[in-house]
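Here is a protein model to explore together. Please have the sequence and the coordinates open as you read.

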Amino acid sequence: MFARLLLLACVVFVAGSRTRGAESVPTNSSSSDLRIATFDIDATPPIGSWMAFDPVTNTWEMGLRARGIALLGAGEPIVLCAVDWIGIANEGQDAFRSALAKAAGTLPQRVAVHTLHQHVAPDCDFAAERILKGAGLGARQYEGSFQRQVISNLAVAVRDSLPRAQPVTHLGLGEARVEQVASNRRIFGPDGKVRATRYTSAEDPALRAEPEGTIDPIVSLVSFWNGERPVAVLSYYATHPQSYYRTGVPNPDFPGVARFLRQLAVPQALHIHFNGAGGNIGAGKYNDGAPENRLLLAQRLADGMRRAWESTKREPIAAANVSWSSESIALPPAKHLTLDELETELREHAAPFVAAGGPSRLAWVRRCQAGHRIEVACLALGRARILHLPGEPFVEYQLAAKAERRDLFVAVAGYGDYAPWYIGTAIAYEQGGYETRPSASNVAPEVEKTLTGAIRKLLTK
């Protein structure tokens, strides 16, 4: 049934779509010093392997992807990669960035790897895997054999893409409002405290009746053009991507379906989607968990992408208009996370330790105490700025970034290094709620000052 509905949706979206942005500009006949290479591989785990919550029992027509771009000519190459997994953390992030940097001939500091955070998808944390195996425990969702193979395949794809890089003559920027997809998960009472959480699906009609709350309804599109031909389209939208999960069948959920619809509509370009600062955002107001809502939410997101595409304005761009900057910051670990307690749980082989992500938290605390810092980066493309953030940041960080530079086109990619888990605002830790409780966030309330400071610096460079 879903396959037939998806086929019908594809016909509708392809028939109603345009093949280029709304505003055309004269083609720059001279060759550009800026070039772009695109890469795209399958990242679907095999049957029998573990995902974040369950083992894979089957696959379906649409698998998981790892895709991205390499920008060449603006100094050392810049690599952006989006993966249809729940999270890539700690030494997993290190391994991804190092491998892609080597393949592209650049530095890891000029590589950004993000996940879309689908829940029927793999996890990746090689530090957590090492901790479990060192204690004689099964690695479960942290078993990294498949993940290492994906890294190897990605490196080959990046390396092979470079000789096929195309000139970039123009940058396209467009945005549109997405209707009836995102809503804030935190429902407040009259005392200013969180009284209920409206998760990514909400069976309770009273919770669905609550207002949308604080969201960023805008989907932002950044496209790269070789003359009149689009080469890559990057989209940015902030929300948890779940419609329903725990099925044992890996799938990219509604953002992946929306991406697929847009790929059909504009087949010349590779479509790459990034989840924004969606830590406290989900589809719960518009999703009661019924399976058919996956297609409905995908159509709504794809419609916003279509309108953003049709509103796209193109402008000439060259390597001189492109730059990469980063801030290395030490995120404050949550005060409730103590090395002694986590290591005791590991030694005692406490059952909830693995299920609750204890190995990854232990790896995070060890890295923090060793002085590990996380890169927050910004890609400048003409009048556009794309921020690359770690963890599951609250949407307030995205809104603050856009407000900081209203004179620029600002887009945000969250879910970089997944180790911090939820990154709330300072006041959110006082308000309560799921996202800032000790079981969900690995950082302290002081994180807001550190992260916003880095964002402000990057946007004012």
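The paragraphs below go from sheet to helices, and then to cavities and pockets.

This is a predicted model, in which local features need pLDDT of at least 70 and side-chain atom pairs count only at pLDDT 80 or more, while totals for chains, interfaces and linings use all residues. Residues are numbered from 1 along each chain as its sequence is written, and side-chain values use heavy atoms, with hydrogens and water left out.

Let's begin with the sheet. Helices (H or I, at least four residues) and strands (E, at least two) are DSSP runs, numbered from the N terminus. Five strands make an open sheet with mixed pairing, in the order S5-S3-S2-S1-S7; two strands count as paired if DSSP finds at least two bridges between them. At the edges sit S5 (111-115) and S7 (166-167), each pairing on one side only. S5 runs parallel to S3 (residues 75-83), and five bridges join the two. If you want a place to look, Leu80 stands opposite Ala112 in S5. Across S1 (35-42), S2 (65-73) and S3 lies helix H4 (residues 145-161), which runs at about 150 degrees to S1.

Next comes a pair of helices. The axes of H8 (residues 339-347) and H10 (residues 358-369) come within 10 Å and cross at roughly 145 degrees; axes are lines fitted to C-alpha atoms, for helices over the stretch in contact, and angles run from 0 to 180 degrees between N-to-C directions. Contact here means heavy atoms within 4.5 Å. From H8, Leu339, Leu342, Glu343 and Leu346 meet Gly358, Arg361, Leu362, Val365, Arg366 and Gln369 of H10. These contact residues divide into five nonpolar, two polar and three charged, where Ala, Val, Leu, Ile, Met, Phe, Trp, Tyr, Cys and Pro count as nonpolar, Asp, Glu, Lys and Arg as charged, and the others, Gly among them, as polar.

On a 1 Å grid over the protein atoms alone, a cavity is a set of points where a 1.4 Å probe fits but cannot get out, a pocket is an open set with protein on both sides within 12 Å along at least five of seven lines, and lining residues have an atom within 4 Å of a point. Grid points are joined across faces, edges and corners, and a volume is the space filled by probe spheres set on the points.

The structure holds four cavities of 30 Å³ or more. The largest has about 60 Å³ of space, and its lining is made up of Leu221, Val233, Ser235, Arg259, Arg262, His271, Ile272, Met305 and Trp309.

Which residues lie nearest the centre of the largest pocket? They are Phe53, Ile86, His119, Tyr418 and Tyr434, out of 32 lining residues. This pocket has a volume of about 730 Å³, and H10 returns here, as S6 (123-124) and H10 each give two or more residues to the lining. By class, the lining has 15 nonpolar, ten polar and seven charged residues.

The second largest pocket has a volume of about 270 Å³. Edge strand S5 gives the largest share of its lining, four residues.
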